[in-house]
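Hi everyone, thanks for coming. I'd like to walk you through one model today, so please have it up on your screens.

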Number of protein chains: 2
Amino acid sequence: MTNYTAMEALNAKAGTLSEALSILYWDQQSMMPSGGGPSRSDQTALLETMVHDITAGRALGEAIEAAEGDNALNPWQRANVEETKRSYIRATAIPSDLVAAKSKAESHALAIWQEARPNNDFAAALPALRDCFNLAKQAGQAIADKTGQPLYEAMIDGFEPGLTVAQIDAVFDDYAAFLPDFLDDVLAAQQARGEPLPLDGPFDIQTQRHVFQDIMKAVGFDFDHGRLDTSAHPFCGGTPADVRMTTRYRDEDFMDAMMGVLHETGHALYEQGLPKDYARQPVGLARGMVLHESQSLTIEMQVVRSRAFMNYAAPMLAKAFGKSGPAWTGENLSRHAARVERSFIRVEADEVTYPAHVILRYRLEKALLSGDLDLADLPAAWGDGLEALLGIRPKTDREGCLQDIHWYSGAFGYFPTYSLGAMCAAQVFNAARENLGDVEAQIERGEFAPLVQWLRDNVHGKASSGSTDEILTAATGSGLRADAFKAHLRKRYLDG
Amino acid sequence: MTNYTAMEALNAKAGTLSEALSILYWDQQSMMPSGGGPSRSDQTALLETMVHDITAGRALGEAIEAAEGDNALNPWQRANVEETKRSYIRATAIPSDLVAAKSKAESHALAIWQEARPNNDFAAALPALRDCFNLAKQAGQAIADKTGQPLYEAMIDGFEPGLTVAQIDAVFDDYAAFLPDFLDDVLAAQQARGEPLPLDGPFDIQTQRHVFQDIMKAVGFDFDHGRLDTSAHPFCGGTPADVRMTTRYRDEDFMDAMMGVLHETGHALYEQGLPKDYARQPVGLARGMVLHESQSLTIEMQVVRSRAFMNYAAPMLAKAFGKSGPAWTGENLSRHAARVERSFIRVEADEVTYPAHVILRYRLEKALLSGDLDLADLPAAWGDGLEALLGIRPKTDREGCLQDIHWYSGAFGYFPTYSLGAMCAAQVFNAARENLGDVEAQIERGEFAPLVQWLRDNVHGKASSGSTDEILTAATGSGLRADAFKAHLRKRYLDG
């Protein structure tokens, strides 16, 4: 066994256990009866410990060091050594008592938050949030001390490796300056067009499932390597060879579930398109949350919410639900799929206003970490920040700083990836269009294969062989910018 | 940590991994898309290895030895030490190269058998079967050398600990002597009664599932700790806290699926009734295949195929399927559920003739192991044996020695447990009747709780705290005999 293969074998073992964990987590969300909970927690805790014992173990550290001296490696293997080292440094940077304290504080804060949010009681959640924040900061600092990164970048790195504050500032400031006037124009244009015709249900849930599966298949989801099931909180889990997607249905509306399903389909296509030769190796994993979100949003925002897609899907949907008439045209459906509104809740926001919610959280995170803002002052800062970005101010914390689970589960540095993903999606789709000719016409004819193949060649198949910046630049000719996203929005909402 | 708790902790770790494996196996049979197969094999192989490393590891051996000297143990803990030691001795008796050779030969034989059976080509399967048999014998001998058991008993012990050839001979010889005249009488009586009225389908599969779930719930299956799904080969898997049952449906007939579901429900009740205080410990596991099969057959054969149960279920079934008329009485349904016929295929046999199929295989296994019979002569010996027991002779090996998967996957010593389970079920049900009064009347009223509670107190809750013989004697007043089974058959088929 060479030095490199010793490292590879340890990665493969941890990767195989992680795959088992993914299936158990999927089962827990979608299949497990309630009484299975306690024993399932024992099973996953044990497997998580076993994974950690490998990925943060002395044996892996020694194998990495030895593999670094191996001169016979190809570029992917070399990148694999670097990626393994990157995650090893992060895994070993945080002392185990801090890991334990962090995990305990997060469970506690989560439970507190679950009560505080419906009760609109930020004061009740504040002490637990403060613990969570302080421990996340300590863990971030421990990593920063090892890597030399600035604190916030060390924290962001856990979700999107290599992303810098300078990069984020550039695109977010650009968008924040663009938004106010643009939003006024969009809302005026929308009002001038009037309301779309209503889509009257109910929509049988079995029928929804069948037609969504047909669309997933058409778009390129491989059902030999994946499933679609139901869970309270939709997600895309499982493994690259066996993707487990979930959604939830409401019989009075199919549009939300359809968007959810196709959003997760975008994530699934990324996973299914990862290179099999490097399965279970860090270099063979999806790059990070920005590229991952860019793939879900390429499908959901660039493809599915377009007029072209709705022209394709309208007859299928009308037939499946037994509907007809002027409400069931591509034009009317696409107007339902692209409604813009100033609103308070991030997860319900449209693609135009969504970045404002993210930029707000990003700015607050920076201020909290620099010490310019204390957590106790979060509600006021939230109101001020949203008002500056969107011109509205929440009346309650439930509609403000209590709405998201992230901070109350220790996830600081995650939010930026959502909107960077949206911008990345526009940039990637634009590059695909330049390479593939009239993608819209292809979509309207239900020909998704050229686009998916292009994504596979330029994004999915690259896995973690380069940085996000390198992959994006190779695919689109530049690093991440807001330009393509703004152009996309102008075209869809003003010229459409 | 005391000596005992060190052993307990190792058992708990292996048990927790085994639970994860059970869920992954269930998923593989009932949920996994075909393309997930290769990576799933890697996942389960790794977890199996990890379980084996614990259950056959030096650390466990030392912990057992230390725990044996612990004088502060209660009887269950003491039994736990003994059970752990028993399985440790078995796990360590077989050299690892023999384990590997055996596993390889079994995979090979299985693949050969899957082709040879439809082709009716025993000659093609013979070399692989011979390898399987020789390696099973070697493994059995390795265990026998360690335990001092006779070879065949060492092999049987893997399925039903402590069962002896003398015990099996006594009940099987008794039944073999009883069967020929009894079967003539049953078939004559059945002919005199004429055919039952046909049950005309189709039976909607969703409806079947719903009504079966209602019956499972009524009988006592706890859906907070289990599920019912679909798979090609029905089984009862999962864990005691999260039982995963499967069945398969055909729309032209509901009776087979219903019997399958209630059979597996009997297995599930046993698992759900195991003592939670000893979860994941050898003493807390189900005793063996005889008691396990006795629980499935108590529900299927003693309860569900009875007139009393069908009087209870007939209105539910008729209502669910939208049927009425004289075919949908308890009397007519119970005649469908208790048809007797001389036939070749074990898995399709009724409860009267089923033991003949098992006794045949048991006698052949003994002859093969003693050297009195060579595998090459199996087809002829099969024909002679079945003719002696049932008066019929298969024309093809597909209907003879190629029909069962067991030997072609290395399972020698398993067959006896099926019919011993049936006899045990009759004996257990008889004891329950003596304790609970008119159980039939309770069943007819849909009151299953007293029976299930009695089984829980006398069988399920005992887990592996004593031998099968001890548990059965405590519950019924004697070790296993054929008497109660014969009495049950006489009552159902001649006096009914």
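Let me start with handedness: a crossing is left-handed if the near helix is turned anticlockwise from the far one by less than a right angle, and right-handed if clockwise. Before we use that, a word on the source: this is a predicted model, where local features need pLDDT of at least 70, side-chain atom pairs count only at pLDDT 80 or more, and totals for chains, interfaces and linings use all residues. Residues are numbered from 1 along each chain as its sequence is written, with chains lettered from A and ligands numbered from 1 in the order in which they are written.

Now to a helix pair in chain B. Helices here are DSSP runs of H or I with at least four residues, and strands are runs of E with at least two, numbered from the N terminus. Helix α9 (residues 205–219) of chain B and helix α10 (residues 255–272) of chain B have axes that come within 10 Å and cross at roughly 30 degrees. Those axes are lines fitted to C-alpha atoms, for helices over the stretch in contact, and angles run from 0 to 180 degrees between N-to-C directions. Which hand does the crossing of α9(B) and α10(B) have? The crossing of these two helices is right-handed.

Who meets whom? From α9(B) come Gln208(B), Phe212(B), Ile215(B), Met216(B) and Val219(B), and they meet Ala257(B), Met258(B), Val261(B), Leu262(B) and Thr265(B) in α10(B). Contact means that C-beta atoms, placed from the backbone, lie within 7 Å. Sorted by class, this contact of α9(B) with α10(B) has 8 nonpolar, 2 polar and no charged residues. For that sorting, Ala, Val, Leu, Ile, Met, Phe, Trp, Tyr, Cys and Pro are nonpolar, Asp, Glu, Lys and Arg are charged, and the others, Gly among them, are polar.

On to the sheet. Chain B has an open sheet of 3 strands in the order β1-β3-β2, with mixed pairing; two strands pair if DSSP finds at least two bridges between them. β1 (226–230) and β2 of chain B stand at the edges with a single partner strand each, so one side of each is left without a neighbour in the sheet. On average, neighbouring strands are turned by 20 degrees against each other, direction ignored.

Here is how the strands join. β1(B) and β3(B) run parallel, joined by 5 bridges, and Gly226(B) has Val243(B) as its bridge partner in β3(B). Helix α1 (residues 3–30) of chain B packs on the sheet and touches β1, β2 and β3 of chain B. So does α10(B), touching β1, β2 and β3 of chain B, with its direction at about 165 degrees to that of β3(B).

Strand β2 (residues 236–239) of chain B and strand β3 (residues 242–247) of chain B run antiparallel, with 4 bridges, and form a hairpin with 2 residues between them. Gly237(B) has Arg244(B) as its bridge partner in β3(B). In β2(B), Cys236(B) and Gly238(B) point one way, Gly237(B) and Thr239(B) the other, and all are buried (20 or more other C-beta atoms within 10 Å of their own, with C-beta atoms placed from the backbone).

Last, the two chains together. The contact takes 27 residues from chain A and 27 residues from chain B. On the chain A side, α1(A) gives the most, with 8 residues. That side divides into 11 nonpolar, 9 polar and 7 charged residues.

How values were computed:
Two residues are in contact if their C-beta atoms, placed from the backbone, lie within 7 Å. A residue is buried if 20 or more other C-beta atoms lie within 10 Å of its own, exposed if 12 or fewer, and partly exposed in between; C-beta atoms are placed from the backbone.
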